[in-house]
Amino acid sequence: EGPLGDLGAYLVLPCLVAQWTLLRELASRRRGPVLAVVAAALAICLYAMAVTQTISALAAVAAGSLVLWGLLAPRRFLLPAVAGGLGLAAVLVLAVSPLRARVVEKAGELARGDWNYVLTGRLDPWRAAVFLLAEHPLAGVGQGGFQAEFVPAKLALLGRGVTFFAGTAEASFENAHDEILDVGADLGVPGLLALGWGIWLLLGALRRVAAGRDRREVALAWGGAVALALPSLFQFPFRIALVAFPFL
């Protein structure tokens, strides 16, 4: 991951906003320069995301786009839109050699059932986070304490016979690569309750948007929320300012 993973996460929301703008322009029957500029920007963003090889970000765009088009596009456009999206994904995989190599690699790992390799070692910080939450349920290990506590947790789990990922030289993880598990490890059960309350507030805000009359706002709000939820399970979008601020 690193900077490339951050870039992939950063491009998720721009891809959705670009699609939302295209749908708005098409619905208004305008065919001016705005349509061409936005289409070009969307193409550049998708190509840049493909070059980053960040599969979770690509999946986030796909999920958010599905919600966006499902809520906003006329029903007769849904099947062509889904077919076009699948075709575009196939073109990106075939045209961008780093992404193609990564997809082939992940497909082979999936066929062998090597889930930790499919997830690029993410099972390691996830297991450590669950272990730390079980050991410190009332207060966690402290805000930002996951990195310092990862190695002791790993040693304890190795002592229990847990097998860790061997495909990287990383000795530690800065965070759990999962926003929910990271909050649980750092802040314990009280932190998870606070996070649950925050998610409840978000759902309430989405319901209020849905109660309005502007279907375009509803589609973008729900599409963006779904697109953020997916990488939150595999990455750490709220730790990247250029990702977190626009989504908030």
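Biologist: Anything to know before we start?

Modeller: This is a predicted model, where local features need pLDDT of at least 70, side-chain atom pairs count only at pLDDT 80 or more, and totals for chains, interfaces and linings use all residues. Residues are numbered from 1 along each chain as its sequence is written, and side-chain values use heavy atoms, with hydrogens and water left out.

Biologist: Okay, how many helices and strands are there in the protein?

Modeller: The protein has 12 helices and zero strands. Both are DSSP runs numbered from the N terminus: H or I over at least four residues for helices, E over at least two for strands.

Biologist: And how much of it counts as buried?

Modeller: Of its 248 residues, 36% are buried. Buried is under 20% relative accessible area, exposed is over 50%, and partly exposed lies in between, using a 1.4 Å probe and protein chains only.

Biologist: Let's do helix pairs. At what angle do α2 and α11 pack?

Modeller: Helix α2 (residues 12-27) and helix α11 (residues 215-232) pack at about 160°, with axes 10 Å apart. The axes are lines fitted to C-alpha atoms, for helices over the stretch in contact, and angles run from 0 to 180 degrees between N-to-C directions. α2 and α11 are therefore roughly antiparallel; that label is for angles over 145 degrees, while under 35 is roughly parallel, 65 to 115 roughly perpendicular and the rest oblique.

Biologist: Which residues of α2 meet α11?

Modeller: In α2 they are V12, L16, V17, W20 and R24, and they meet R216, E217, L220, G223, G224 and A227 in α11. By class, this contact has six nonpolar, two polar and three charged residues. Here Ala, Val, Leu, Ile, Met, Phe, Trp, Tyr, Cys and Pro count as nonpolar, Asp, Glu, Lys and Arg as charged, and the others, Gly among them, as polar.

Biologist: How do α8 and α9 pack?

Modeller: Helix α8 (residues 123-135) and helix α9 (residues 146-159) pack at about 90°, with axes 9 Å apart. That makes α8 roughly perpendicular to α9. Their contact divides into 10 nonpolar, no polar and three charged residues.

Biologist: And α8 with α10, are they parallel or antiparallel?

Modeller: Their axes come within 8 Å and cross at roughly 25°, so α8 and α10 are roughly parallel. W126, A129, V130, L132 and L133 in α8 meet L181, G184, A185, G188, V189 and L192 in α10. That contact has nine nonpolar, two polar and no charged residues.

Biologist: Switching topic: where is T52?

Modeller: T52 is in helix α3 (residues 33-52). T52 counts as buried because its relative accessibility is 6%.

Biologist: What does T52 touch?

Modeller: Leaving aside residues up to four places away in sequence, T52 touches L4, L7 and G8. T52 and G8 are 44 residues apart in sequence, yet 6.0 Å apart in space, C-alpha to C-alpha.

Biologist: Last one: what is phi of H177?

Modeller: Phi of H177 is near 55°, a positive value in a residue other than glycine. H177 is in the loop between α9 and α10, and at 12% relative accessibility H177 counts as buried.

Note on methods: Contact means heavy atoms within 4.5 Å.
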